[in-house]
Amino acid sequence: MNLREAKKLYDSSIEIIKNNQHKNGGFYASPPGTRYPFIYARDHSIVVLGALEAGLVDEARRGLEFILAAQKPTGEMPQRCDVEGTDTSYKELQIDGNGLVLYALGKYCQKVDYEIAEEFWKNVELVVNYILKNRNDEINLVHTINSIHEYPAYEHGFEIFANSACCAGLIEAVKMGNALGKDVKRWDQEAELIKRNILTRLYNPRKRTFIKNIRIKEMGSRPLGYDPYASTVGDPDAAEYAPAYFELLNDRDLRVINTVRRIDAALWDQELGGLNRYPEAWNRNNGGYGPWPHFTCQVARHFVNIGDDDRAEVYLGWVVDIASDYMLPEHLSTIERFDEWIDSYSAAGIMRDDKVVMIEGIKSHPKWQEGFAYVVTPLIWPHAEYIRAYKSYEDMFLGGESLQALKRQATVSR
Amino acid sequence: MVDVRKIVSEAFLMAIIEGVRKDGPEKTFEWIEHVADNLGEKEGPGLEGDPKGSLNCLHICPFANALQEFLIKYGETPPEFMALLDSADRDDTFAASNVFCIFHHTIRTKRAELAGRKVYHLASSANAERKTAYNEKAIEAANMTKADIDELMEKTVCVFKYE
């Protein structure tokens, strides 16, 4: 990996995050005038985490204040909102965004102080209660319609990213509550229950991997086996790394190592490099099937955390290499795959008019002339993930103390 | 086997028919508005639709399937729905192309109000015939013409404007 370029991309990522925060505190998913000029609870929370990692404490705080104030009366965090914090959601429930807001808030409190949690404690209670209202008491997992891919066909049910995010959010709420002297014993028990069920029901010991989803149509179906959707989704999906991403398990846990091994083998793009989010055959490949920098960065952190510097470098180095003018796209593809997507959607009669803007953006991107389809550049989320991955990499493999520690460890081992 | 979600929306539509028969369209209209207002309040401040210049649009009507299934089951559009739509016509608030528009636009209005905004329903065409209902006063207030709206309606089913 070109370390100088890696550092430049890190610096650029910080600037991109700063430049894409509205004065009201919301982080755009992509800049005004591009495809996603709104604030999405999921993207926004991860950008807060990236900002925190980069030391942008004021920006992170303003981001948290913004999103907490945008909470709906039901306790739900909006799927997306405008710069005023007014709900402009257009998709059905995406409960992971609720867990993510709590998770980001908890991380902020641990790094800075608990004042903001005290100030917004009512909101914290409302989000927790909202999550718990969506927990099924037969298998003690949280039900959602959409999750990280906004793709109900594979995510409607008890999905792994949504459950890991919500569980981690509850754990953070418990930590905040304890720090503020609140009675959060019940939340603690609930979080433990959900965690236990993620680690058993969403794990397949025969295949030694986490699975994507227990597909269930109605949260209240009882018994669940009679629900019309009742089935499991076991295809490899980058989201199956979620239990470690949200610190429910250590990266060195064998269940995580094997899950990532499977993701790496199945989803690393043999033609373009980088990590695809799910199998091509799921066939929702807007802009053409291809690798996503933010999933690549997430899994790069796993390799860092287990000390696999070779694989970490391949992953992170790929992100550095594909950055265009130090900006990262949502994902990239080839012209051939892009054309295939257009053909298949047009023939099926499902090509939408609003995709025209995206298509124009892809074709006018300088990389098109080089044979690549760059879809939505810059997307802010991958910059936040890059900051987090680069910092981990730097601390583990480039930093003073960590490097010395590793050397000492190596000497002792010898 | 009973599909609860379907039967609940059917029950709502049947209640509308019964309401018009029993209490007349005006009272039923008020009842729908009252229900929608409460639901809008519960949902909280919010804006709908895909921004298109100064207007917002819906590409699909979220209620269209429920209505279509009802009509498949019960036959042609009940006269009670038509009576209700006539009531809506007398009010400059709606561009109601089906009976759900009254319900939906009232929720939209309440949520806009909670967000400190006003919303005008300009046109919709969410009915089996794809026949557009216009709110001419609202179109005029938005400085638009019917031709402008028709152009938009080629690719959308509902147009409204926030102020």
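Start by selecting D339(A): at 35% relative accessibility it counts as partly exposed, the class between buried (under 20% relative accessible area) and exposed (over 50%), with a 1.4 Å probe and protein chains only. You'll find D339(A) in helix 14 of chain A, residues 335–348; helices here are DSSP runs of H or I with at least four residues, strands are E runs with at least two, and both are numbered from the N terminus.

A word on ground rules: this is a predicted model, so local features need pLDDT of at least 70 and side-chain atom pairs pLDDT 80 or more, while totals for chains, interfaces and linings use all residues. Residues are numbered from 1 along each chain as its sequence is written, chains are lettered from A and ligands numbered from 1 in the order written, and side-chain values use heavy atoms, leaving out hydrogens and water.

Patch members have over 30% relative accessible area and no salt bridge, with like charges joined within 9 Å and nonpolar side chains within 5 Å; a salt bridge puts a Lys or Arg side-chain nitrogen within 4 Å of an Asp or Glu carboxyl oxygen.

Next, hop to chain B and pick V2(B), V4(B), I7(B) and V8(B): they make a nonpolar surface patch of about 360 Å². V2(B) sits in the segment before helix 1 (4–23) of chain B and is exposed, at 54% relative accessible area.

Finally, show chain A whole: 17 helices and 11 strands. Buried residues make up 61% of its 414 residues.

Methods: Areas by Shrake-Rupley, 256 points an atom, 1.4 Å probe, with all protein chains shown as cover.
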